[in-house]
Amino acid sequence: MARIGNENCIDCSLYQYREEYPIVKNLLIESSEILIYGMCPGKDEVKQGIPFVGASGQKLNTAFLKIGWNREYLSFANALLCFLPKNINVTKEMIKACRYNLIKTIRSLPNLKMVVPLGEAAIKSVLNKYTNLKIRDYYCNPFKIDEFKDILFVANYHPAYTLYNPSLEKDKLFFDGFKKIDEIFQSLKIVNKKLNHIKVLNEETLTKILVLISKQKQFAIDFETTSLITWRADLLSIHISWESKTAISIPYKNKVNGRIVPFWNDFLMNEIKKTFINLFSDDVIISGQNIKYDSLISRKEFGVPIPYKFDVMLSAFTLDSSRKVNLDALTTQYFPEHSGYSNILDKYITKGKKEDGAFADVPMDVLLEYGALDVDIEFRLTNLFVKELNRL
Ligand code: URA
């Protein structure tokens with residue numbers, strides 16, 4: 001067990017009350033995969049010097065019991081390590097001043113997979129954002145922050161919310177929140193285990209796969225290219241999915257000695273082209289992200305546009321225009337177990353992912369893995385959004 005916090009801190013005005021209310025250091029269990037943190041310690045916490053041992057802590061214990069979490073394996077923290085005396089409201093300056101303790105705490109836990117902020121002050125602290133955010137917008141809605149790319153943040157209401165003016169509805173919201181958070185946590189553990197993503201890297205597999213592709217009627221497609229400017233773009237790889245957790249990745253062109261050249265011999269390049277020309281002239285339903293762009297690429301590379309199109313991003317926006325509409329954000333929202341998968345490109349792309357030419361420098365093997373998840377998620381989102389749109 002380790003503790004984080006400095007009893008001599010004078011970084012905010014709360015130090016004045018230190019004599020009466022000593023700080024309550026964050027409590028870290030080195031093996032923890034989950035960190036729970038709230039706003040600030042209460043009187044019981046100050047008395048015992050341990051976070052969440054008072055009424056809010058009891059409420060948490062009940063939630064843990066319901067979902068089978070053992071408190072002994074969890075780490076606990078607060079956005080403020082000092083008690084807030086009566087009539088003193090929490091301020092942006094206090095949260096900001098104390099934030100480094102939270103960051104240090106998260107950084108000190110090597111096995112951490114998930115952080116659960118409780119209430120608005122806790123969310124503001126980790127986001128370092130002090131606008132008027134609303135807990136309901138974050139409730140069970142996973143998010144990430146740049147400082148910790150591999151850790152998922154999923155917020156719940158603060159247990160104190162259920163204690164003042166208690167009601168069945170508030171209890172339900174709080175306990176259901178932990179149930180959902182546990183489901184998300186369990187899904188993080190089975191990440192990638194059951195994916196069936198095929199990389200086509202030899203002639204024999206390619207020939208078989210092209211036959212299989214030519215039979216499909218409804219699928220998601222994604223192209224990885226060298227540029228977002230279509231007239232300059234070269235097609236690097238083709239990704240197709242017609243079943244959840246399944247994807248096929250076919251290399252098309254790659255960079256050799258600084259030049260973009262075909263991946264296959266002329267005959268096989270032609271076979272790929274023919275397959276897609278036939279497929280796209282058939283009565284097929286095709287979805288993708290920014291599919292208008294893929295259609296232009298198809299016209300450029302194969303001479304035919306992509307026919308009937310369903311755009312995942314347009315649908316995401318239609319269903320909820322207030323959310324961030326990009327594949328990373330949607331993945332985090334719907335498939336948190338895969339969130340941050342695009343980080344596998346970070347080693348190879350020094351500038352932005354949208355930078356012209358950037359993808360040409362990603363090794364083909366990595367690009368195929370990345371594109372497979374892209375298209376797999378697009379296929380799964382298509383199914384989800386079609387159902388949601390039909391309900392409108
Ligand atoms: N409320 C909090 O936010 N933290 C505690 O430690 C106790 C109550």
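**The ligand site**

Analyst: This is a predicted model. The ligand is surrounded by Gly38, Met39, Cys40, Pro41, Gly42, Glu45, Pro51, Phe52, Ser56, Asn78 and His158. Sorted by class, this shell holds five nonpolar residues, five polar ones and one charged residue. Glu45 is the charged one, since Asp, Glu, Lys and Arg count as charged.

At Cys40, a backbone N or O atom lies 3.0 Å from a nitrogen atom of the ligand. At Phe52, a polar backbone atom is 2.9 Å from an oxygen atom of the ligand. Asn78 contributes through its side chain: an N or O atom there is 2.6 Å from a ligand nitrogen atom. Taken alone, the ligand exposes 240 Å². The protein buries 93% of that area.

Next, the helix packing. Helix H9 spans residues 266-281, and helix H10 spans residues 291-302. Their axes come within 10 Å and cross at roughly 130°. The crossing of H9 and H10 is left-handed.

A second pair is H12 (residues 327-334) and H13 (residues 364-391). Here the axes are 11 Å apart, and the helices pack at an angle of about 65°. H12 is therefore roughly perpendicular to H13, a class that covers 65 to 115 degrees. The crossing of H12 and H13 is left-handed.

Methods:
Residues numbered from 1 in each chain as written. Predicted model: local features only at pLDDT ≥ 70, side-chain atom pairs only at ≥ 80, totals over all residues. Heavy atoms only, no water. Near = heavy atom within 4 Å. Polar contact = N/O pair within 3.5 Å; in protein donor to acceptor, adjacent residues only side chain to side chain. Areas by Shrake-Rupley, 256 points an atom, 1.4 Å probe, with all protein chains shown as cover. Axes fitted to C-alpha atoms, helices over the stretch in contact; angles between N-to-C directions. Helix = DSSP H or I, 4+ residues; strand = E, 2+ residues; numbered from the N terminus. Left-handed = near helix turned anticlockwise from the far one by under 90°. Parallel < 35°, antiparallel > 145°, perpendicular 65-115°, else oblique.
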